[in-house]
Amino acid sequence: MSNPSSPNRILIFDTTLRDGEQSPGATLNVEEKLIIARQLARLGVDIIEAGFPFASPGDFEAVQKIAREVGTVDGPTICGLARATRADIERAGEAIKPAAKGRIHTFIATSDIHMQYKLRKSREEVLAIAPEMVAYAKTFTNDVEFSPEDAGRSDPEFLYQVLEAAIAAGATTVNIPDTVGYLTPSEFGGLIRGIKENVPNIDQAVISVHGHNDLGLAVANFLEAVKNGARQLECTINGIGERAGNAALEELVMAMHVRRAFYNPYFGRPAESEAPLTNIDTRQIYKTSRLVSNLTGMFVQPNKAIVGANAFAHESGIHQDGVLKNKLTYEIMDAQSIGLTDNQIVLGKHSGRNAFRTRLQELGYELDDQALNRAFLRFKELADKKKEITDWDIESIVNDETQQSPEHFHLDLVQVSCGDNSRPTATVTIRTPDGQELMDAAIGTGPVDAVYKAINRVVDIPNQLIEFSVQSVTAGIDALGEVTIRIRHDDRVFSGHAANTDIVVASAHAYLHALNRLYATLQGQKAIHPQRDAEPVAS
Ligand code: KIV
Ligand code: ZN
């Protein structure tokens with residue numbers, strides 16, 4: 001990188017663990033965040049936005065642990081988000097301290113609508129707060145990013161002033177968010193061009209972009225921004241995030257990889273240059289996508305670009321014929337370039353613990369001894385029922401195991417009776433947080449309904465079931481079934497996920513998993529939302 005404010009490639013800033021985790025029901029625990037952060041480092045992202053440390057003690061701990069474990073000298077920069085307040089910035093500064101390279105990302109809204117209704121502050125006040133808080137952040141780290149929230153709907157002249165002041169105060173990156181996903185590609189490109197032309201000290205900072213997908217334009221907007229000088233892209237795996245999500249990392253990276261010749265000239269390179277435009281190891285993309293989908297419970301739609309189940313499947317006869325003769329007839333990229341290998345049969349009944357551990361490591365999972373033992377037992381049980389064990393089965397087992405904490409309620413037994421001439425009845429035995437073994441039974445419209453009703457009789461926490469889905473992990477009648485559910489309590493959504501060859505058992509575990517998360521939240525402190533709860537006070 002010749003000039004730090006003008007890198008001759010794209011910096012990938014991954015915000016899966018911050019903006020992505022703001023998706024309803026995608027809440028991750030500290031262990032899950034660490035697993036994802038380690039995989040993001042393998043993927044080669046430049047910056048991990050690990051969370052919003054002021055939100056809660058759990059968020060602080062996650063950012064601090066990621067900074068310590070993943071933020072090594074050769075690893076990515078670890079970033080913590082902070083509203084433009086001293087308290088937020090202090091907390092973020094503390095959390096990122098263990099990282100070899102730590103960044104504070106502070107933000108304040110600059111659109112009239114946000115300033116008037118959310119912040120209740122005048123332009124003059126915001127123009128004073130932004131540089132003051134950037135300067136304060138500089139007392140914790142030299143690497144400070146500033147975002148004018150809702151830049152896409154801000155008055156450009158005012159935006160230029162705020163950015164100039166933030167850079168003068170020491171911001172090394174200025175990030176331009178299209179917070180509500182409102183802009184079109186040419187407008188977003190024009191906004192970046194305007195910033196380059198009208199902010200006098202812009203050459204002292206990297207221009208970054210952040211955008212939401214409310215109109216399905218986030219990736220297109222970013223690519224236009226790249227053509228106009230943006231050099232950092234804020235994105236998430238599978239595009240998860242607030243509302244319709246963020247720009248999808250895999251789509252941006254593969255667009256610039258597959259269409260390198262088109263983008264090279266914007267970086268002053270000859271079109272035919274083979275040098276990558278990002279630092280991403282594209283062969284890690286598929287694995288990362290699966291990991292994030294499994295741990296967050298956010299499914300990837302089958303027709304999703306790059307990582308959807310159908311993205312490389314050639315169903316139609318004409319296509320298959322063409323592909324067999326020459327792949328390039330219908331494929332613009334190779335499935336292997338994103339690490340999609342055939343779903344090979346990798347392990348069997350006689351595979352030992354070492355082979356299991358090695359395969360897990362190859363898949364991106366590093367489990368402690370206890371978790372490994374539990375997962376290995378599950379693997380052996382499955383191998384007794386199912387002859388061929390694939391990577392997907394292994395991932396499914398491990399995700400199930402890593403997601404079990406915190407386990408306040410433990411399901412000891414679930415038993416159902418159902419059929420066309422009987423009333424579906426379920427019995428459950430549950431160990432409660434105070435150590436009691438409680439048994440109850442219920443009748444439902446079907447076996448899963450009966451199980452949920454029986455669980456509700458023991459775990460008495462009101463909630464509404466808003467999503468229930470079952471997917472088969474692999475083909476075959478003996479396949480593992482994965483159940484994902486979402487429940488709502490007050491205004492919050494909690495997801496639960498479980499896998500078993502018996503889908504009724506998986507449903508019971510998935511429900512209890514979501515209830516455990518809900519229970520943990522009720523016990524703990526409510527996490528603060530960085531944008532909706534924003535009430536920045538510069539003191
Ligand atoms: O969408 C947004 O504006 C954000 C900011 C906090 C950067 O997420
Ligand atoms: Zn956002």
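A total of 31 salt bridges is counted in this predicted model, a salt bridge being a side-chain nitrogen of Lys or Arg within 4 Å of a carboxyl oxygen of Asp or Glu. In one of them, the side chains of Glu21 and Lys33 are paired at an N to O distance of 3.6 Å. This pair connects distant parts of the chain, 12 residues apart: Glu21 belongs to the loop between β1 (11-14) and α1 (30-43), and Lys33 to helix α1. Helices (H or I, at least four residues) and strands (E, at least two) are DSSP runs numbered from the N terminus. The model is predicted, with local features requiring pLDDT of at least 70 and side-chain atom pairs pLDDT 80 or more, whereas totals for chains, interfaces and linings use all residues. Side-chain values use heavy atoms, hydrogens and water being left out, and residues are numbered from 1 along each chain as its sequence is written.

The shell around ligand 1 comprises Arg18, Asp19, His105, Phe107, Ser147, Glu149, Pro177, Thr179, His210, His212 and Gln531, each with a heavy atom within 4 Å of the ligand. Strands β4 (102-109) and β5 (143-149) each contribute at least two residues to this shell.

Polar contacts (N or O atoms within 3.5 Å) were examined next. An oxygen atom of ligand 1 lies 2.6 Å from a side-chain N or O atom of Thr179, and an oxygen atom of the ligand is 3.0 Å from such an atom of Arg18. For Gln531, a polar side-chain atom is 3.4 Å from a ligand oxygen. The protein covers 100% of the 260 Å² of accessible area that ligand 1 has on its own (Shrake-Rupley method, 1.4 Å probe).

Technical notes:
Chains are lettered from A and ligands numbered from 1 in the order in which they are written. A polar contact is a pair of N or O atoms within 3.5 Å; within protein, one must be able to donate a hydrogen and the other to accept it, and residues adjacent in sequence count only if both atoms are side-chain atoms.
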